[in-house]
Amino acid sequence: MKKKVLLVTTVPYSSAARLAGAFSALGATVEAVFPREAPIAVSRYLDRAYRYRPLASEESLADALRTAEPDFVIPCDDRAAALLAGLTAFAPRLERCLGPLAAYRVLMARAPSMAVAREEGVVAPLTRAVDSLAALPEALHEVGLPCVMKADFSWGGAGVKFVCSADEARRAFVKLQGPPSRLRSLVRVVKRRDLHFLDAARNPVKATVNLQAFVPGKPATSVFAAEDGKVLAAQHMDVVTWQGDAGPATVMARVSDPVMDDAVAKIAARFRLSGLHGLDFVRDAAGLPHLIEINPRATQICHLPLDADLPAALLGVPGRLPVTDRKQIALFPQLLTADALPPHIFRDIPWDDPRVLRFQSGEALPEAAELEAIAEFDRPVRRFGYRPPAGNR
């Protein structure tokens with residue numbers, strides 16, 4: 001009997017669409033709950049769609065879980081992970097898919113999660129939560145300058161500030177803690193077409209701000225599949241290039257690293273994790289990776305079959321052939337038109353899912369429109385009343 005996977009995303013990123021292709025290729029039935037703007041809305045690998053409603057987020061996920069009765073539930077962003085962890089009525093199913101829901105209160109908070117990592121002997125910088133401006137000087141003295149300031153429940157490089165002085169730290173604290181004005185939230189609703197900001201305007205909440213000791217170096221990341229705290233498969237990458245100061249990676253290089261292996265095993269075991277997860281590191285000048293963040297959800301490279309095939313390991317089926325033997329990989333959609341990349345860099349573009357490709361590339365890749373017109377790429381999808389955004393079908 002085919003296994004059923006429910007992908008959950010609350011943001012219009014491509015990772016859910018890429019995972020849909022991976023799980024479908026491995027013989028699974030793929031269903032998903034997502035907002036209208038998400039690329040997975042047009043994926044040919046989707047068997048059933050559920051509408052995610054930002055102003056009724058918990059109800060949206062509960063409806064999908066109740067109807068789908070999935071074997072695996074995969075959150076694809078931090079908000080999705082947090083919402084699922086709060087659905088205690090579905091605890092037996094979700095805990096088989098994700099791990100103990102109570103653990104997510106620690107996993108989703110930067111300072112407590114890093115404290116647990118350090119307790120387990122994982123190399124990680126000192127991280128302290130700061131609840132007020134009055135408490136900031138003492139925390140700065142403990143952590144030291146320069147440091148990194150991070151707001152909980154932020155992602156994609158947003159909510160992160162590098163500071164070198166007490167004055168910079170004070171300004172950053174006020175900005176990160178917020179909450180933004182109601183007017184600013186309403187403007188974001190219009191500009192970003194994201195109704196989550198309407199909820200922020202109605203119910204403004206201050207964020208928890210964390211100070212983390214600064215580790216000079218370059219980013220690295222691990223992704224892994226786990227079942228009840230046991231690691232089934234893992235893949236490690238050094239980040240070669242990225243967007244902005246702390247934005248998403250654009251080019252990664254796969255590596256072998258026993259320290260990262262050890263960190264993955266310890267974090268998975270301590271939190272009894274199941275499903276797909278990621279860890280973020282900074283590799284210092286001596287080559288030692290320092291854990292800086294736990295991502296208790298699927299990340300943007302989990303779909304890739306390389307030295308390991310995480311979706312296959314999770315399903316318990318034979319893995320796919322590696323997509324490339326090249327070490328460096330340019331990520332989609334960050335590098336859509338990276339024609340100038342040298343040939344030793346593999347471009348991870350979803351040629352097999354042309355509607356997703358065209359959805360994200362627009363006119364940047366003329367080949368996408370040509371592929372979309374080829375009938376053999378078409379696959380009828382039962383959407384049960386759900387319709388993707390106009391102009392993207």
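Predicted model: local features only at pLDDT ≥ 70, side-chain atom pairs only at ≥ 80, totals over all residues.
E69 sits in the loop between helix 2 (57-68) and strand 4, and its phi is near 45°, a positive value in a residue other than glycine. A second residue of this kind is D228, with phi near 50°. D228 belongs to the loop between strand 9 and strand 10, and its relative accessible area of 49% makes it partly exposed, since exposed means over 50%.

One runs from L145 to P146, with omega near -5°, and P146 is found in the loop between helix 7 and strand 6. Another joins F332 and P333, where omega is about 5°. P333 lies in the loop between strand 14 (328-330) and strand 15 (345-347).

For residues 1-20, UniProt lists "signal peptide" in an unreviewed entry. In the model, this stretch is 30% helix and 25% strand, and its end C-alpha atoms are 18 Å apart. Helix 1 (residues 15-25) is mostly covered, with 10 of its 11 residues buried. The buried ones are S15, A16, A17, R18, L19, A20, G21, A22, F23 and S24. What lies over them? Among the covering elements are strand 1 (4-8), strand 2 (29-34), strand 4 (72-75), strand 12 (275-283), helix 12 (310-315) and helix 13 (354-361). After helix 1 comes G27, with a positive phi near 95°.

Strand 2, one of the elements that cover helix 1, is also the place of E31. Is this glutamate buried or exposed? E31 has a relative accessible area of 4%, so it is buried. Apart from residues up to four places away in sequence, E31 touches K4, V5, L6, L7, L46, R48, Y50 and A68.

The buried residues of helix 8 are A169, A172, F173, L176 and Q177. They cover an arc of only 115° around the axis, and therefore lie on the same side of helix 8. On the other side of helix 8, R171 and K175 are exposed. The buried residues of helix 8 are covered by elements including strand 5 (127-130), helix 7 (136-143), strand 6 (147-151), strand 7 and strand 8. G178 follows helix 8, and its phi is positive, near 60°.

How many aromatic pairs does the count come to? The count comes to 1 aromatic pair. The rings of F162 and F214 have centres 6.3 Å apart and planes at 90°, so the pair is edge-to-face. The pair links distant parts of the chain, with F162 in strand 7 (residues 160-163) and F214 in the loop between strand 8 (209-213) and strand 9 (218-227), 52 residues apart. F162 is partly exposed at a relative accessible area of 40%, and F214, at 39% relative accessibility, counts as partly exposed too.

Our last stop is V231, found in strand 10 (residues 230-242). With a relative accessible area of 27%, V231 is partly exposed. V231 and V264 are 33 residues apart in sequence, while their C-alpha atoms are 7.6 Å apart in space. Not counting residues up to four places away in sequence, V231 touches F224, A225, A226, V264, A265 and A268.

Methods. Residues numbered from 1 in each chain as written. Heavy atoms only, no water. Phe/Tyr/Trp six-rings, centres within 6.5 Å; stacked < 30°, edge-to-face > 60°. Helix = DSSP H or I, 4+ residues; strand = E, 2+ residues; numbered from the N terminus. Buried < 20%, exposed > 50% of the residue type's maximum accessible area, 1.4 Å probe, protein only. Contact = heavy atoms within 4.5 Å. Arc of directions from axis to C-beta. UniProt positions renumbered as here; feature names shortened; annotations may be inferred.
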